[in-house]
Amino acid sequence: MRVTLPTVADTHAFGRRLAGVLHAGDLLLLTGPLGAGKTALTQGIGAGLGVLGDITSPTFVIARVHRPDPVRGRGVALVHADAYRLGDAADPRAEIDDLDLDASVDDSVTVVEWGEGLVEQLVDAHLRVRIDRRDDDTRLVELEPVGGDWAARLAALA
């Protein structure tokens with residue numbers, strides 16, 4: 001599935017729509033160059049899930065947990081991680097293990113920026129999300145289902 005998003009507001013809106021098909025246990029791997037819109041998409045997902053706290057890039061803290069808002073949330077936490085700085089480590093998979101993402105993956109929607117090749121083993125099925133930013137700031141988002149019922153869920157977005 002491919003989607004063109006002309007503005008950051010459209011990226012947020014698409015994230016909110018995507019959140020509508022997400023549930024606890026889902027893993028999303030976001031890839032794309034710096035400034036492509038990975039965090040903007042995650043902000044929309046967080047809004048759609050109804051989680052607490054501002055969603056900002058976790059580059060320096062590596063991972064953040066956003067608990068569901070008891071009033072407007074859907075009861076599912078959002079774990080937002082960024083493996084960008086782990087790529088230069090001697091053993092980035094060991095550092096991913098240290099984050100204990102596997103401890104929360106069943107109870108949360110887990111979004112990992114730059115996690116391809118590092119976190120897929122956490123679940124049997126996941127969604128790859130590639131975001132490219134064009135010269136005119138339009139985002140091209142490609143969603144690739146990997147196993148499970150992702151293809152059917154994505155069809156509901158079309």
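Q: Is arginine 128 buried, exposed or partly exposed in this model?

A: Relative accessible area is the thing to read here, and the middle class runs between 20% and 50%. In this predicted model, arginine 128 has a relative accessible area of 26%, so it counts as partly exposed.

Q: Which residue does arginine 128 form a salt bridge with?

A: For a salt bridge, look for a Lys or Arg side-chain nitrogen within 4 Å of an Asp or Glu carboxyl oxygen. Arginine 128 pairs with glutamate 144, and their closest N and O atoms sit 3.1 Å apart. That pair ties together distant parts of the chain: arginine 128 belongs to strand S6 (residues 126-133) and glutamate 144 to strand S7, 16 residues apart. Glutamate 144 is partly exposed too, because its relative accessibility is 36%.

Q: What does glutamate 142 meet in a salt bridge?

A: Its partner is the side chain of arginine 2, at 3.6 Å from N to O. Here glutamate 142 in strand S7 (residues 139-146) is linked to arginine 2 in strand S1 (residues 2-5), 140 residues apart.

Q: Why does arginine 2 count as exposed, and why does glutamate 142 count as partly exposed?

A: The exposed class starts over 50%. Arginine 2 is at 62% relative accessibility, so exposed it is. Glutamate 142 is at 34%, so it counts as partly exposed.

Q: How far apart are the closest N and O atoms of arginine 130 and aspartate 132?

A: They're 2.8 Å apart, and the two residues form a salt bridge. Arginine 130 is partly exposed at 36%, and aspartate 132 is partly exposed at 28%.

Q: How many salt bridges turn up in the whole structure?

A: Seven, from a search of the whole structure. There's also a network of salt bridges linking Asp26, Asp149 and Arg153.

Notes: Residues are numbered from 1 along each chain as its sequence is written. This is a predicted model: local features need pLDDT of at least 70, side-chain atom pairs count only at pLDDT 80 or more; totals for chains, interfaces and linings use all residues. Side-chain values use heavy atoms; hydrogens and water are left out. Helices (H or I, at least four residues) and strands (E, at least two) are DSSP runs, numbered from the N terminus. Buried means under 20% relative accessible area, exposed over 50%, partly exposed in between (1.4 Å probe, protein chains only).
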